[in-house]
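User: I would like to go through this model with you. Shall we begin once it is on screen?

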Amino acid sequence: MEEKDAKVGHLKKISVRLEAGMHAETMDLTREPVSCDFIYGTGMQGLSPFEFELADKMAGDILTVHLRGEEIPRFFEHLFIPQLTILEGVSAFYLRVRVVGVSEPDQREIIKAMAEAAACGDSCCGH
């Protein structure tokens, strides 16, 4: 259930749309936004750098991060987003993240996210 004015925080279900481009103004590396839902804060090593960037954001917030392709696995850690693996070969790009929703997950979603993160260990295994 969506929460009005809810902020990204521990064990919330976060829905984002990701786009990538060679320039901050032009998202030309992804054909269309990549949608992703995850439970915030379930990584074995704590928050991923991606999750740190999202801390206290709300639905509608947008952030842009400059990354090198080789940083993708470390940036997302346990959060596997298969559509972005193609960018691992790109020297540098901008990632635009739009927070679409923040809600309370049900208990099964939390348990599943924790189990997947545990299976990944220190980095994502591509579950």
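User: Which backbone oxygen lies 3.5 Å from a polar atom of the side chain of Thr-42?
Analyst: The backbone oxygen of Ile-39 lies at that distance from the Thr-42 side chain. Please note that this is a predicted model, in which local features need pLDDT of at least 70, side-chain atom pairs count only at pLDDT 80 or more, and totals for chains, interfaces and linings use all residues. Residues are numbered from 1 along each chain as its sequence is written, and side-chain values use heavy atoms, with hydrogens and water left out.

User: Where is Thr-42 found?
Analyst: Thr-42 is in the loop between β2 (34-39) and α1 (49-54). Helices (H or I, at least four residues) and strands (E, at least two) are DSSP runs, numbered from the N terminus.

User: Is Thr-42 buried or exposed?
Analyst: Thr-42 is buried, with a relative accessible area of 7%. Buried means under 20% relative accessible area, exposed over 50%, and partly exposed in between (1.4 Å probe, protein chains only).

User: And what does Thr-42 touch?
Analyst: Leaving aside residues up to four places away in sequence, Thr-42 touches Leu-11, Glu-51, His-78, Ala-113, Met-114 and Ala-117. Contact means heavy atoms within 4.5 Å.

User: Changing topic: how many aromatic pairs are there?
Analyst: The count comes to 4 aromatic pairs. Rings of Phe, Tyr and Trp (its six-membered ring) pair if their centres lie within 6.5 Å; planes under 30 degrees apart count as stacked, over 60 as edge-to-face and the rest as tilted. One of them is the edge-to-face pair of Phe-50 and Phe-75, with 5.7 Å centre to centre and 65° between the planes.

User: Which helices hold Phe-50 and Phe-75?
Analyst: Phe-50 is in helix α1 and Phe-75 in helix α2 (residues 72-76), so the pair links distant parts of the chain, 25 residues apart. Phe-50 counts as buried at 1% relative accessibility, and Phe-75 is buried at 6%.

User: How is the pair of Phe-50 and Phe-76 arranged?
Analyst: That pair is tilted, at 4.8 Å centre to centre and 45° between the planes. Phe-50 lies in helix α1 and Phe-76 in helix α2, so the pair ties together parts that are 26 residues apart in sequence.

User: Which residues do the ring pairs link into a cluster?
Analyst: The cluster consists of Phe-38, Phe-50, Phe-75 and Phe-76.

User: Now the sheet. In what order do the strands run?
Analyst: The 4 strands form an open sheet in the order β2-β1-β4-β3, with antiparallel pairing. Two strands pair if DSSP finds at least two bridges between them.

User: How many bridges join β1 to β2?
Analyst: Strand β1 (residues 13-21) is joined to β2 by 6 bridges.

Key. A polar contact is a pair of N or O atoms within 3.5 Å; within protein, one must be able to donate a hydrogen and the other to accept it, and residues adjacent in sequence count only if both atoms are side-chain atoms.
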